[in-house]
Amino acid sequence: MPGTNTVVSVQGVRIEFGAVKALNGVDLEVGAGEAIGLVGHNGAGKSTIVNVINGVLTPHQGSISYAGEAASGISAARAAGVRCVFQELSLCPNLTVAENTRLMHAGLQGFGWRTKASGLVRKKLDEIFPGNRIEASSQVGDLSIAERQMVEIAINFLTVTERPKLVILDEPTSSLDAGLAEQLLAYVRRFVSEGGSVLFISHILGEILSTADRIVVMKDGKVVASRPADGFSVRSLVETMGSVVKERSKAEGRSNASSAPVVLDLPARRGSTIDFRARRGEIIGLAGLAGHGQTETLLDLFGRNCSNWLPTRKASVAFVAGDRSLNGTFPLWSILRNLTIGHLRALASLGTVDTGREDAVGADWKERIAIKTPDLANPILSLSGGNQQKVLFARALSGDAETVLMDDPMRGVDIGTKQEVYSILRSEAAAGRTFIWYSTEMDEICLCDRVYVFRDGAIVAELMGDEISEDHVLAASFSGEAA
Ligand SMILES: Nc1ncnc2c1ncn2[C@@H]1O[C@H](COP(=O)(O)OP(=O)(O)OP(=O)(O)O)[C@@H](O)[C@H]1O
């Protein structure tokens, strides 16, 4: 029986989507003042259990109770103080930050609600992310993905009539750079020390280990471990999730392509003296604080190198978009069509798509990066977030583009798959492909051959080989000079 200090308890919950057993008898309890880290491979069932707790999904079997009272549904969860920051951000892009705050908090009503909403959200943004420059009057569609994530987090933590009791954060740092992620984790610890509870999902295991009191590991729709965080290490977590840690030194396999031909370049801008240059076979990292011009540089490179008045059989650059739902997936299409759309010409014979070859490409990539689905003909939205991201990767890598531009492409991808993708990138680079990779994860930046650090829209440092380290990237990000 759940204790009096229990905020939410789920017992024996089962959820099936057709043939997929998304939850196969899950028990989970969250106590007051507890920070729980929830980890598991892509498709393990983490978002599904979140949707049960916040009342969006009704279990096919099993029960749910809030503070010891059996109840279900969105309003029961809301009344129990459950709030959720979703993996696919749920703000309305055509409304302002203040208007989105009002949508989430029905208590903001009557004369002067807009001023009150603006004040509350600005105050919470400053409390969680000191130094941010987000205006309450800004339209959400004009904000970067990191800013949208910050707004959604602030809206869910703020108190209008009732203080939130349990805030569920589904991959909240996936679009935040290291500095913003640290600010959020520090705030989470403060919230928990004041008696609030947090259920925190992340594929970045370091932040789970440093923030959670207890870690729950899911695998194939079941909870396979639930222990105090100090009983886990990165290695034991990965193994409990069912993957193996591959040891690799940062410099392993780094190419020394300094004499290879330049395939893409951009002149220095905004007062910088450093030109951007990418050589054949290089993996170039774009680093720096989020929103300092990395995505714009990728878009600029893409625009300059793909616009062609004449139809072409071979695209020279492919792009893995950072905002999966806005620019990545075709939501009404199948998984297979989403994967092959980038290079249908190469799969065509006599002007129509050769479905046999298309199926073979799909089956090959399903196997290579473990896309978790019973059938590639299923809609793309039937996949978990991380598995959708794998499809976008496969779309870029399965074509024959010589250069692949990647805008923070590992968002939501589990650690086992990341390791596979790192190996694929390294072997493709050795075969002559060039990768330009914006990442908000320092570990990934450290895997690159050469790194450009961005600040205020300009390149402020170029790091090579052993110079590529967290300290040097941070020093350049803040002071504009390599350490
Ligand atoms: N609406 C849906 N229709 C069909 N299958 C679904 C649906 N939602 C989830 N699933 C399936 O349920 C399983 C669990 O998905 P869930 O999104 O909970 O995984 P997850 O652990 O959150 O993964 P990720 O780390 O990639 O976000 C997956 O196999 C997924 O394909």
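**Domains, helices and cores**

Reply: The C-alpha centres of domain 1 and domain 2 lie 28 Å apart. Please keep in mind that this is a predicted model.

Me: Where are the bounds of domain 1 and domain 2 in the chain?

Reply: Domain 1 covers 6–241, and domain 2 covers 262–479. Their contact takes 24 residues from domain 1 and 24 residues from domain 2.

Me: Which elements give two or more residues to the side of domain 1 that touches domain 2?

Reply: They are helix 5 and helix 6 (178–193). Helix 6 gives the most to this side, with three residues. By class, the side of domain 1 that touches domain 2 has eleven nonpolar, ten polar and three charged residues.

Me: How should I read the packing of two helices?

Reply: Two packed helices are described by the angle between their axes and by the distance between those axes. Here, helix 3 (residues 97–104) and helix 4 (residues 113–128) pack at about 95°, and their axes are 9 Å apart. Angles of 65 to 115 degrees count as roughly perpendicular, so helix 3 is roughly perpendicular to helix 4.

Me: Which residues of helix 3 and helix 4 make the contact?

Reply: Helix 3 contributes Val97, Ala98, Thr101 and Arg102, while helix 4 contributes Trp113, Arg114, Ala117, Ser118, Leu120 and Val121. This contact has six nonpolar, two polar and two charged residues.

Me: Which residues of the largest nonpolar core touch the most other members?

Reply: Among the 79 residues of that core, they are Val8, Ile53, Val121, Met150, Ala154, Ile168 and Phe200. Helix 5 (residues 145–157) supplies the largest share of the core, eight residues. Because domain 1 (6–241) and domain 2 (262–479) both give residues to this core, it lies between them. Apart from it lies another core, of 56 residues, including Ala401, Ala429, Ile445 and Val473.

Me: What is Ala154 in contact with, leaving aside its neighbours within four places in sequence?

Reply: With that exclusion, Ala154 is in contact with Val121, Lys124, Leu125 and Ile128.

Me: Is Leu237 buried or exposed?

Reply: A residue is buried if 20 or more other C-beta atoms lie within 10 Å of its own. Leu237 has 22 other C-beta atoms within 10 Å, so Leu237 is buried. Its place is in helix 8 (residues 234–241). Leaving aside neighbours within four places in sequence, Leu237 is in contact with Val39, Leu205, Ile215, Val217 and Phe232. Leu237 and Val39 are 198 residues apart along the chain, and their C-alpha atoms are separated by 8.4 Å.

Notes. Residues numbered from 1 in each chain as written. Predicted model: local features only at pLDDT ≥ 70, side-chain atom pairs only at ≥ 80, totals over all residues. Axes fitted to C-alpha atoms, helices over the stretch in contact; angles between N-to-C directions. Helix = DSSP H or I, 4+ residues; strand = E, 2+ residues; numbered from the N terminus. Parallel < 35°, antiparallel > 145°, perpendicular 65-115°, else oblique. Contact = placed C-beta atoms within 7 Å. Nonpolar A, V, L, I, M, F, W, Y, C, P; charged D, E, K, R; others polar. Core = buried A, V, L, I, M, F, W, Y, C linked by C-beta atoms within 7 Å. Buried ≥ 20, exposed ≤ 12 C-beta atoms within 10 Å, placed from the backbone. Domains from an automatic or database assignment.
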